[in-house]
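Subject: Structure handover

Hello,

Here is the structure for your files. My notes on what was found in it follow below.

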Amino acid sequence: MTIEDDKRELRELALRYARACDTHDAAEFAAIFTEDGEIVSPGHTMTGRDQIVAVVPSALKSMYLRTMHMVHNDMVWIDGDTARGETYCVAHHLIKESDTKASDYVMFILYDNKFRRVNGRWYFSHRKLNLKSSKTQTVDISG
């Protein structure tokens, strides 16, 4: 495996995480975190794959009508079987207000990532959500 293959696989983890959030896919969360993986966000820390899988997909599904996480700049620095990285993300979180309107809570995020290669595959070992700014806007959901 080349350094470019490693970078591609690490970039894909960020994309898979975004998709898992938007589809509430517990199996995908399980597939991208180490067993002792951790997610840190303002006011919350989830430690261990089991807790991440049990909490994140169901919390997103119950809190929001739908979400859309868009991954932008993604940098990684590899050191053997560990790596660190930064991922920029803009995430929309819709909260239904009526049949035609929703509040769109938009988060501008910089994720600090740590990765570990286990049996030849890369996984998140730590992911910290740093909220850089946010805004709320009303959007039409009628069509």
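Helices (H or I, at least four residues) and strands (E, at least two) are DSSP runs, numbered from the N terminus. Just after helix α1, His-24 takes a positive phi of about 60°. The model is predicted, so local features need pLDDT of at least 70 and side-chain atom pairs count only at pLDDT 80 or more, while totals for chains, interfaces and linings use all residues. Residues are numbered from 1 along each chain as its sequence is written, and side-chain values use heavy atoms, with hydrogens and water left out.

Helix α1

The expected span of a helix is 1.5 Å times one less than its number of residues. For the 21 residues of α1 that gives 30 Å, and the end C-alpha atoms are 30 Å apart, which agrees. Its buried residues (under 20% relative accessible area with a 1.4 Å probe, protein chains only; exposed is over 50%, partly exposed in between) include Asp-6, Glu-9, Tyr-17 and Cys-21.

Aromatic rings

Rings of Phe, Tyr and Trp (its six-membered ring) pair if their centres lie within 6.5 Å; planes under 30 degrees apart count as stacked, over 60 as edge-to-face and the rest as tilted. There are 6 aromatic pairs in the structure. In one of them, Tyr-17 and Tyr-111 have ring centres 5.6 Å apart and planes at 75°, so the pair is edge-to-face. Because Tyr-17 lies in α1 (residues 3–23) and Tyr-111 in strand β5 (residues 101–118), this pair ties together parts that are 94 residues apart in sequence. Both tyrosines are buried. Ring pairs link Tyr-17 and Tyr-111 with Phe-29, Phe-33, Phe-115 and Phe-124 into a cluster.

A charge sits over a ring if NZ of Lys or CZ of Arg is within 6 Å of the ring centre and within 35 degrees of the ring normal. Arg-127 lies over the face of Tyr-111, at 3.8 Å from the ring centre. Arg-84 lies over the face of Trp-77, at 4.4 Å from the ring centre.

Cysteines

What is the number of disulfides (pairs of cysteine sulfur atoms within 2.5 Å) in the structure? It is 0. For Cys-21, the nearest cysteine sulfur is that of Cys-89, 7.9 Å away. Cys-21 is buried at a relative accessible area of 3%, and Cys-89 is buried at 4%.

Ala-30

Ala-30 is found in helix α2 (residues 26–32) and is partly exposed, at 26% relative accessibility.

Regards

Notes
Disulfide = S-S within 2.5 Å.
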